[in-house]
Amino acid sequence: VQKVLTVARPDSKTKLRSLIGLVNFYGKFIPNRARILEPLTKLTKKVHKVKRDWGPEQDRALAEIRQVLSSKPVLKLPDLGKQFIVQSDAAHAGIGGVLLQEENGERHPVMYASRGLLPREQKYTVGEKECLAVVFAVAKFNRYLKGREFLIETDHRPLQVLNEVNATNPRVMRWGLQLQGYQYKIRYIPGKTNIVADALSRLV
């Protein structure tokens, strides 16, 4: 949970909305969600600027968000008898991923991961960044994924070529080879359901 406990303070309304979206995504597990979010939601109004108007009230809200996202009932202990799901996403300057499992019909995070992109990686195409995010997330969650079949979910359709040997992009081909030691299936999901990985990729 270190990546959530150290999630960066938003410095723009786009990042602030990503953080709010992340909390709302797990809203049913978070008591007093509206109260926690109120200081942050206030900054999304036109009259406010995030950098200028961020203060102690917002710092307290961010600290509380970090805490609720890294503990039960949002966070789930891994169950090695159940399937793992990997969701990943890429933003301009960062990549993120989350390892999920279902419990009583609800998806819970088991582990979070994110990192900033190197200057050369920021020049990659959107597809390459998304592919890098998948490979990064799988490597981070390796201890849970190696030796068992799991599902990769991404909101970028071209990544479905990852498990095809005829990928024409040399980088994508190399990353696809790195994943050949794993048993996985890739499924496309709409961006609106990839909230957690999206927020982690932006808040690095």
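**Figure 1. The surface and outline of the whole chain.** What you are looking at is a predicted model. Along its principal axes, the C-alpha trace spans about 50 × 40 × 25 Å. The radius of gyration is 17 Å, which agrees with the value near 17 Å that a compact globule of 204 residues would have. As for the inside, buried residues account for 47% of the 204. Charged side chains come as 35 positive and 19 negative ones, and the centres of these two sets sit 4 Å apart.

**Figure 2. Helices and strands in order.** Count them up and you get nine helices and five strands. Starting at the N terminus, they run α-α-α-α-α-β-β-β-α-α-β-α-β-α. How do contacts link up parts of the chain that are apart in sequence? If you take the contacts between residues at least 6 apart in sequence, 69% of them join residues at least 24 apart.

**Figure 3. The largest nonpolar core.** This core holds 31 residues, and Tyr 26, Leu 40, Ile 65, Leu 69 and Tyr 112 have the most contacts inside it. Helices H2, H3 (33–42), H5 (56–69) and H9, along with strand E2, each put in at least two residues. Which element gives this core its largest share? That would be H2, with five residues. For a closer look, pick Ile 65: leaving aside neighbours within four places in sequence, Ile 65 is in contact with Leu 19, Val 23, Ile 36, Leu 37 and Leu 40. There is also a second, separate core, this one of 29 residues, with Val 134, Phe 136, Phe 141 and Tyr 184 among them.

**Figure 4. Helix H9 under its cover.** H9 is mostly covered, with six of its eight residues buried. Those buried residues are Val 196, Ala 197, Asp 198, Ala 199, Leu 200 and Ser 201. What covers them? The cover includes helices H1 (2–5) and H2 (13–25), plus strands E1 (85–90), E2 (94–103) and E3 (106–116).

Figure 5. Is Asn 194 buried or exposed? Its relative accessibility is 0%, so Asn 194 counts as buried. Setting aside neighbours within four places in sequence, Asn 194 is in contact with Gln 87, Ser 88, Asp 89, Asp 155 and Ile 189.

**Figure 6. Leu 99 and the residues it touches.** Leu 99 lies in strand E2. With a relative accessible area of 0%, Leu 99 is buried. Not counting residues up to four places away in sequence, Leu 99 touches Phe 84, Ile 85, Val 86, His 108, Pro 109, Val 110, Met 111, Phe 141, Tyr 144 and Leu 145. Phe 141 also turns up in the second core. Now follow the chain to Arg 115, 16 residues apart from Leu 99: the C-alpha atoms of these two are separated by 15 Å.

**Figure 7. Thr 41 and Ile 20.** Thr 41 is part of helix H3. Its relative accessible area is 37%, so Thr 41 is partly exposed. Along the chain, Thr 41 and Ile 20 are 21 residues apart, while 7.5 Å separates their C-alpha atoms.

**Figure 8. Two asparagines with positive phi.** Where is Asn 32? Asn 32 sits in the loop between H2 and H3. Its phi is near 60 degrees, a positive value in a residue other than glycine. Asn 32 is exposed, at a relative accessible area of 52%. Next comes Asn 104, which belongs to the loop between E2 and E3. Asn 104 is not a glycine either, yet phi is positive here, at about 55 degrees. At 76% relative accessibility, Asn 104 counts as exposed.

**Figure 9. A cis peptide bond at Pro 73.** Between Lys 72 and Pro 73 the peptide bond is cis, with omega at about 5 degrees. To find the spot, go to the loop between H5 and E1, where Pro 73 is located.

Note on methods
Residues numbered from 1 in each chain as written. Predicted model: local features only at pLDDT ≥ 70, side-chain atom pairs only at ≥ 80, totals over all residues. Heavy atoms only, no water. Buried < 20%, exposed > 50% of the residue type's maximum accessible area, 1.4 Å probe, protein only. Contact = heavy atoms within 4.5 Å. Helix = DSSP H or I, 4+ residues; strand = E, 2+ residues; numbered from the N terminus. Rg over C-alpha atoms; globule rule 2.2 N^0.38 Å. Lys, Arg positive; Asp, Glu negative; His and termini not counted. Charge placed at Lys NZ, Arg CZ, Asp CG, Glu CD. Core = buried A, V, L, I, M, F, W, Y, C linked by side-chain atoms within 4.5 Å.
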